[in-house]
Amino acid sequence: VRQDYDEVSSYSAYYVKERINQFEPTKERPFVLGLPTGSSPIGVYHKLVEFYAAGEVSFEHVVTFNMDEYVGLPRNHPQSYRTFMWNHLFKHVDIKLENVHILDGNAENLDEECRKFEAEIAKLGGIELFLGGIGPDGHIAFNEPGSSLTSRTRVKTLAYETIMANARFFGGDVSRVPKLALTVGVATVMDAREVVIVITGAHKSLALAKCIEEGVNHMWTVSSIQMHPKGLIVCDEDATLEL
Ligand code: GLP
């Protein structure tokens, strides 16, 4: 538990930086990092960019896989997760274009796109560290309540709560929020050798309580972190309200 959003961001960014720096990459085995979007990780990305500018970390041998992407939004739409990642992280650091993996929500065959994504992860020997956030309903990536805890990357219909929560990014207009997304599965995240989840704000406090104080269950998909041998939740004081 850290005091506020800034401290959660600094701690998490420091943690990721240390992991990248401790890892000894080879050509066959780069550091494979899973990444989220949303307002939660913006502070972490900001700090990582600062670390990069100060020469404290490099992304030269880092390969990334993003958790999710909306279906049907143009690639360069301001709210696409691709645009988000370029604006908040990728364009500011030395990551190689070919090392960035973001699901293509405009692929002709969406199922095939999801299969390819899983295959790419497997080819690199799996994900070293998956950084994540959660929705107020406890969803991880777009694994909405009721998602199988053994799910893999797939097309998912968004829950009404998620559409409502994300309408703020579409001028408050619910009708403009895509209704489908491509998302890694719960198992895709939990297969990572390490999982770090950032949770801030009182509006996430119920989800945090359900995640760690109740049983593992598919209605609060982030609760699956309880089964992970190396799962870490970094939260702020506000998020602990219901604990
Ligand atoms: C979306 C994303 C999730 C993210 C969630 C919370 O639903 N698919 O990966 O965790 O938003 O976003 P925020 O951090 O803005 O609360």
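Q: A residue is near a molecule if its C-beta atom, placed from the backbone, lies within 6 Å of it; by that rule, which residues come nearest to the ligand?
A: Around the ligand stand 13 residues, and Gly-38, Ser-39, Ser-40, Gly-133 and Gly-135 are those that come nearest. This is a predicted model, in which local features need pLDDT of at least 70 and side-chain atom pairs count only at pLDDT 80 or more, while totals for chains, interfaces and linings use all residues. Residues are numbered from 1 along each chain as its sequence is written.

Q: How do the residues of the shell around the ligand divide into nonpolar, polar and charged?
A: The shell holds five nonpolar, seven polar and one charged residue, where Ala, Val, Leu, Ile, Met, Phe, Trp, Tyr, Cys and Pro count as nonpolar, Asp, Glu, Lys and Arg as charged, and the others, Gly among them, as polar.

Q: Why is Ala-181 called buried?
A: A residue is buried if 20 or more other C-beta atoms lie within 10 Å of its own, exposed if 12 or fewer, and partly exposed in between, with C-beta atoms placed from the backbone. Ala-181 has 25 other C-beta atoms within 10 Å, and it is therefore buried. Ala-181 belongs to strand β7 (residues 180-183), strands being DSSP runs of E of at least two residues and helices runs of H or I of at least four, numbered from the N terminus.

Q: Which residues is Ala-181 in contact with, leaving aside its neighbours within four places in sequence?
A: Contact requires the C-beta atoms of two residues, placed from the backbone, to lie within 7 Å, and with those neighbours left aside Ala-181 is in contact with Asp-68, Glu-69, Tyr-70, Val-71, Phe-142, Lys-156 and Leu-158.

Q: Why does Asp-173 count as exposed?
A: Asp-173 has 9 C-beta neighbours inside 10 Å, and therefore counts as exposed. Asp-173 lies in the loop between α5 (160-166) and β7, and its C-alpha is 22 Å from that of Ile-134, although 39 residues separate Asp-173 and Ile-134 in sequence.

Q: What is the order of the six strands in the open sheet, and why do β4 and β9 stand at the edges?
A: The order is β4-β2-β1-β5-β8-β9, with parallel pairing, two strands being paired if DSSP finds at least two bridges between them. β4 (100-101) and β9 (231-235) each have a single partner strand, so one side of each is left without a neighbour in the sheet.

Q: How do you know that β5 and β8 pair, and how many bridges join them?
A: Four bridges join β5 (residues 129-132) to β8 (residues 194-199), which run parallel; within this pair, Phe-130 stands opposite Val-195 and Gly-132 opposite Ile-197. On the pairing with β9, β8 has five bridges in the parallel sense, with Val-195 opposite Gly-231.

Methods:
A residue is near a molecule or strand if its C-beta atom, placed from the backbone, lies within 6 Å of it.
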